[in-house]
Amino acid sequence: MKRLISVVVVIFIFISGSAQEKYGNPEVDPIQIQSKFSDWWAYQNKKIMLSRDFTALDSFSNQITKEAFLEELTKGNFIPIRLLSEGDIYNYKLFKIEPDSDTSIKATIAQEAFDAEKNFKMEGTVFPKFSFKDLNGNLVSNETMKGKIIVIKCWYIHCAACIKEFPHVNELVSKYKNRKDILFVSLAEDNPQQLKTFLAKRPLSYSVIPNLKGYMNETLQLNAFPTHFILDKEGVIKKVVSNFESLEVALAKESKL
């Protein structure tokens with residue numbers, strides 16, 4: 001009996017070691033990073049992008065679905081840590097939240113995961129019907145943009161994170177300026193006069209549609225900004241992301257299809 005138990009233990013250690021060797025070790029100490037909220041916030045802000053594509057691993061290094069991974073994070077019992085890897089490979093693993101960790105870490109992770117899970121569930125669905133006029137009086141609708149890849153930025157003028165990424169999204173528009181099959185549209189909460197005054201100082205290369213607070217809150221049910229959508233040529237939502245870095249990667253992928 002003792003021999004059988006020993007064999008089982010050895011097999012378990014071998015399997016666990018193989019999984020860890022396959023995906024790599026955590027790039028930061030999962031316990032140490034929980035000691036201060038400021039340390040965790042700086043790390044997750046730079047390294048953890050739940051809206052992008054990644055390999056999801058449970059606490060035993062078993063691969064699980066992205067949806068299952070996000071669901072576990074919403075419960076507030078785990079933190080996501082990226083495993084050491086090269087280039088654009090993203091392997092995220094669940095690690096237990098320590099009992100004495102800053103409670104703000106737990107709350108922040110749960111909220112971030114909730115938003116990411118909601119956005120993830122929108123992918124693969126048809127973007128709601130719309131027909132609006134932009135600041136230049138041009139009609140922007142599902143029909144006028146049919147057959148195009150659509151990049152949509154949702155924002156408002158008092159959103160610091162939304163404004164901070166203006167230079168980056170403008171560069172993205174410039175990068176794809178020769179692609180007539182890709183259009184960039186932004187939905188803004190603010191009224192036309194507010195937007196014109198604001199954009200005179202901080203230009204945005206997207207087509208800007210005003211007065212869409214109700215549409216974004218009620219129809220799209222957004223509660224985090226900025227939020228970016230990528231629609232394929234059939235109007236299906238291919239990706240919903242919360243930052244420029246993930247948007248750039250997702251658009252590069254979609255534009256090659």
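How much space lies in the largest pocket? In this predicted model, the largest pocket holds about 850 Å³. Its lining counts 24 residues, and those closest to the centre are Asn45, Ala161, Pro226, Ser242 and Asn243. Several helices take part. Helix H2 (37-47), helix H4 (103-122), H5 and helix H9 (244-255) each supply at least two lining residues. H4 gives the most, with 5 residues. Sorted by class, the lining of the largest pocket has 10 nonpolar, 8 polar and 6 charged residues.

The second largest pocket has a volume of about 280 Å³. It is lined by 13 residues. Nearest its centre lie Asp53, Lys239, Val249, Ala250 and Lys253. At least two lining residues come from E11, and at least two from H9. H9 gives the most to this lining, with 5 residues. The lining of the second largest pocket has 8 charged residues, 4 nonpolar residues and 1 polar residue.

Strand E11 covers residues 237-241. Of these 5 residues, 4 are buried, so the strand is largely enclosed by the rest of the structure. The partner of E11 is strand E10 (residues 227-231), and the two pair in the antiparallel sense over 4 bridges. E10 and E11 form a hairpin, with 5 residues between the two strands. Gly235 sits in the turn and has a positive phi of about 85°.

The next residue considered is a histidine in a loop. His158 is found between strand E7 (149-155) and helix H5 (160-164). The relative accessible area of His158 is 68%. The cut-off for an exposed residue is over 50%, so His158 counts as exposed. His158 and Gly235 are 77 residues apart along the chain.

E3 and E4 run antiparallel and are joined by 5 bridges. Within this pairing, Pro80 has Leu94 in E4 as its bridge partner. In a regular strand, side chains alternate between the two faces of the sheet.

Is Lys93 buried or exposed? Lys93 is found in strand E4 (residues 91-96). Its relative accessibility is 10%. Buried means under 20%, so Lys93 counts as buried. Which residues does Lys93 touch, leaving out those up to four places away in sequence? The contacts of Lys93 are Leu57, Asp58, Ser59, Ser61, Phe69, Ile79, Pro80, Ile81 and Leu83. With Ser61, the side chain of Lys93 makes a polar contact of 2.9 Å. Leu83 is 10 residues from Lys93 in sequence. The C-alpha atoms of Lys93 and Leu83 are 7.0 Å apart.

Definitions and conventions
Residues are numbered from 1 along each chain as its sequence is written. This is a predicted model: local features need pLDDT of at least 70, side-chain atom pairs count only at pLDDT 80 or more; totals for chains, interfaces and linings use all residues. Side-chain values use heavy atoms; hydrogens and water are left out. Buried means under 20% relative accessible area, exposed over 50%, partly exposed in between (1.4 Å probe, protein chains only). Two strands pair if DSSP finds at least two bridges between them. On a 1 Å grid over the protein atoms alone, a cavity is a set of points where a 1.4 Å probe fits but cannot get out, and a pocket is an open set with protein on both sides within 12 Å along at least five of seven lines; lining residues have an atom within 4 Å of a point. Grid points are joined across faces, edges and corners, and a volume is the space filled by probe spheres set on the points. Ala, Val, Leu, Ile, Met, Phe, Trp, Tyr, Cys and Pro count as nonpolar, Asp, Glu, Lys and Arg as charged, and the others, Gly among them, as polar. Contact means heavy atoms within 4.5 Å. A polar contact is a pair of N or O atoms within 3.5 Å; within protein, one must be able to donate a hydrogen and the other to accept it, and residues adjacent in sequence count only if both atoms are side-chain atoms.
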